[in-house]
Amino acid sequence: MENKSKILMDRYEFGRLLGQGTFAKVYYGRSLETGQSVAIKEIHKEKILKVGLMDQTKREISVMGLVKHPNILQLYEVMATKTKIYFILEYAKGGELFNKIAKGKLKEGVARKYFQQLITAVDFCHSRGVYHRDLKPENLLLDENKNLKVSDFGLSALSDSKRQDGLLHTTCGTPAYVAPEVISRKGYDGAKADIWSCGVILFVLLAGYLPFHDSNLMEMYRKISKADYKCPSWFPPELRKLLSRILDPNPYTRISIAKIMENPWFKKGLDSGRGNTSVLVEREMIPLHTDDNICSPTECCSSVSSETKLEVTKPNNFNAFDLISLSTGFDLSGLFVSNDEKEDVQFISKNSAASIIAKLEETARCLRLKVMKKEGGLMRLEAESECRNGTAMTIDVEIFEITSSFHLVEVRKSSGDTIDYLVMLKQCLKPALADIVWAWQGEKQPI
Ligand code: AMP
């Protein structure tokens, strides 16, 4: 991919190399359609297959596509060829925040602004059940307006400690930003672990060096597990107090994000009238639809069954191959048949599992399908009459929880005539489910 004039799938032109990690090379890119600058992250499938991260990567990509916030580097789309995966990402023109610290510590007000933006982004992701797990300055980029952009949210499978060329970089394999409970591998709360990393980042921004550092790895672990650090003399008392609450080795007593946001040092410079940190960012946050509009009065069925208890499948347990395709405009370069001919289709919903099930039941009644429930998030819909080929059509619908706010719903034919099924899918099922569908697989999601 060193050829600079290379065009990716007639859509993006490659530019200069922006950076490189163990798994990926990142290039500047330009959309041929709009001229928009993007960053193209090129990953060799073989490399992630070798380390057994393919499934996790695919799931995490889909999660990243769902997390849209002004301080989170946006994933526009994912493309794939036989050998490579390409992430088309928002371009962060200001480069790494790290480069700023490498020139020396930041002024208190500037560090606070970045910390406020970091906390806002992390809070947003946590509210959607997404944890970063590898927050460090290398993952913090800046846009042209010097606003913070957190990269690799939901992509922790791909994160790595790639360079050892500076005082503040994480030396390969060292846990400088990692919470004590993560190091001790006891099982941890992702939210509390991210908060710890934010505390280390805050310290680094203001001090210009790491709070926990030792050439001996075991000694460094010890320092982290005891929160053995010393603030420089210029740290004001309010900040020291806040840091001591964040860098608390006990995750149960460690401060929460809500409490950080109430902290006097944190709040300085914020518009108190607005009462939250969203005022920090210039771009509008993309609103999430709520699940209050499941059954519109114009629909044929008004009553919704109360028997909606169905356990949805948790994400950790399933092979997430198809999730990758839920990212905006995903292009598997001909690996799949066209959407209209696909028997297995998936959509993402922002509705709760209960309301998805209720909507499916309501739709089934409208379409004269019997609802047969099964275990593990699986519903079976069965036609009352036979298809053209003499068999009864049955459709399986499976619901997976991606995060607490997002579900993946897979619809597939189990038996019956394929043509009848495809017609029903296109003309009846898809339009009937429109209320609860945020994005169908392979189709652009509404922004
Ligand atoms: P990564 O493998 O994501 O850590 O990326 C390697 C390097 O490429 C980063 O450290 C940045 O310097 C650069 N980079 C990554 N993503 C972007 C982006 N969206 N915009 C600008 N530079 C980026």
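**Whole chain.** I started with the secondary structure and found 12 helices and 15 strands in the chain. Helices here are DSSP runs of H or I of at least four residues, strands are E runs of at least two, and both are numbered from the N terminus. I noted that this is a predicted model, where local features need pLDDT of at least 70 and side-chain atom pairs count only at pLDDT 80 or more, while totals for chains, interfaces and linings use all residues. Residues are numbered from 1 along each chain as its sequence is written, and side-chain values use heavy atoms, with hydrogens and water left out.

Next I looked up burial: 53% of the 447 residues count as buried (under 20% relative accessible area; exposed is over 50%, partly exposed in between, with a 1.4 Å probe and protein chains only). The chain exposes about 20,600 Å², and carbon and sulfur atoms supply 50% of that (Shrake-Rupley method, 1.4 Å probe). Among contacts between residues at least 6 apart in sequence, I found that 65% join residues at least 24 apart (contact means heavy atoms within 4.5 Å).

**Helix α6.** At its N-terminal end I found Asp-189 as the cap, with a side-chain oxygen 2.8 Å from the backbone nitrogen of Ala-191. Just after the helix, Gly-208 takes a positive phi of about 85 degrees.

Inside α6 I stopped at Ser-197. Ser-197 has a relative accessible area of 5%, so I put it down as buried. What does its side chain reach? The side chain of Ser-197 reaches the backbone oxygen of Tyr-177 at 2.7 Å (a polar contact is a pair of N or O atoms within 3.5 Å, one able to donate a hydrogen and the other to accept it; residues adjacent in sequence count only if both atoms are side-chain atoms). Leaving out residues up to four places away in sequence, Ser-197 touches Leu-135 and Tyr-177.

**Aromatic rings.** I counted 11 aromatic pairs (Phe, Tyr and Trp rings, the six-membered one for Trp, with centres within 6.5 Å; planes under 30 degrees apart are stacked, over 60 edge-to-face, the rest tilted). Phe-14 and Tyr-27 have ring centres 5.3 Å apart and planes at 85 degrees, so I logged them as edge-to-face. Phe-14 sits in strand β2 and Tyr-27 in strand β3, 13 residues apart. Both Phe-14 and Tyr-27 are buried.

Trp-234 and Phe-235 are also edge-to-face, with centres 6.3 Å apart and planes at 80 degrees. Trp-234 is partly exposed at 42% relative accessibility, whereas Phe-235 is buried at 3%. Both belong to one aromatic cluster, whose members include Trp-196, Phe-203 and Tyr-209.

I also found Lys-105 over the face of Trp-234, 4.6 Å from the ring centre (NZ of Lys or CZ of Arg within 6 Å of the centre and within 35 degrees of the ring normal).
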